[in-house]
Amino acid sequence: MDDAEAACLVYPRNLYVAIGNRDALFDCKYSIESYERMQTLWGKDKMDWMKFHVFEGDHEFCKDDRFIEDLIQKLCE
């Protein structure tokens, strides 16, 4: 099982993944590959339960709050 298949286990819950493009612990290249694999497994039109974001930064929280705000809104529905 790879990261894409493990992330699919979260469904039907919402999932938010953000990774810095300069993260020294997790190379964003592999995260992008896993996300693309998920799109293949699910189909791009069925990925509304997951948000994936690569941001400018290191191994840190993303400073752009709109993605986490979207997740919180979906959790409150």
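1. The protein contains 3 helices and 2 strands, and these follow the order α-β-α-β-α along the sequence. The radius of gyration is 13 Å, close to the 11 Å that the globule rule gives for 77 residues, so the protein is as compact as a globular protein of that length. The model is a predicted one, and the remarks below should be read accordingly.

2. As to overall dimensions, the C-alpha trace spans about 30 × 30 × 20 Å along its principal axes. The protein exposes about 5,700 Å², of which carbon and sulfur atoms supply 53%. Of the 77 residues, 32% are buried.

3. The largest pocket holds about 270 Å³ of space. Helix H2 gives the most, with 5 residues.

4. The lining of the largest pocket comprises 16 residues. Nearest the centre of this pocket lie Asp 3, Val 17, Ser 31, Ser 34 and Phe 52. By class, the lining has 11 nonpolar residues, together with 2 polar and 3 charged ones.

Note on methods. Residues are numbered from 1 along each chain as its sequence is written. This is a predicted model: local features need pLDDT of at least 70, side-chain atom pairs count only at pLDDT 80 or more; totals for chains, interfaces and linings use all residues. Side-chain values use heavy atoms; hydrogens and water are left out. On a 1 Å grid over the protein atoms alone, a cavity is a set of points where a 1.4 Å probe fits but cannot get out, and a pocket is an open set with protein on both sides within 12 Å along at least five of seven lines; lining residues have an atom within 4 Å of a point. Grid points are joined across faces, edges and corners, and a volume is the space filled by probe spheres set on the points. Helices (H or I, at least four residues) and strands (E, at least two) are DSSP runs, numbered from the N terminus. Ala, Val, Leu, Ile, Met, Phe, Trp, Tyr, Cys and Pro count as nonpolar, Asp, Glu, Lys and Arg as charged, and the others, Gly among them, as polar. The radius of gyration is taken over C-alpha atoms; the globule rule is 2.2 Å times the number of residues to the power 0.38. Buried means under 20% relative accessible area, exposed over 50%, partly exposed in between (1.4 Å probe, protein chains only). Accessible areas come from the Shrake-Rupley method with a 1.4 Å probe; for residues, only the protein chains shown count as cover.
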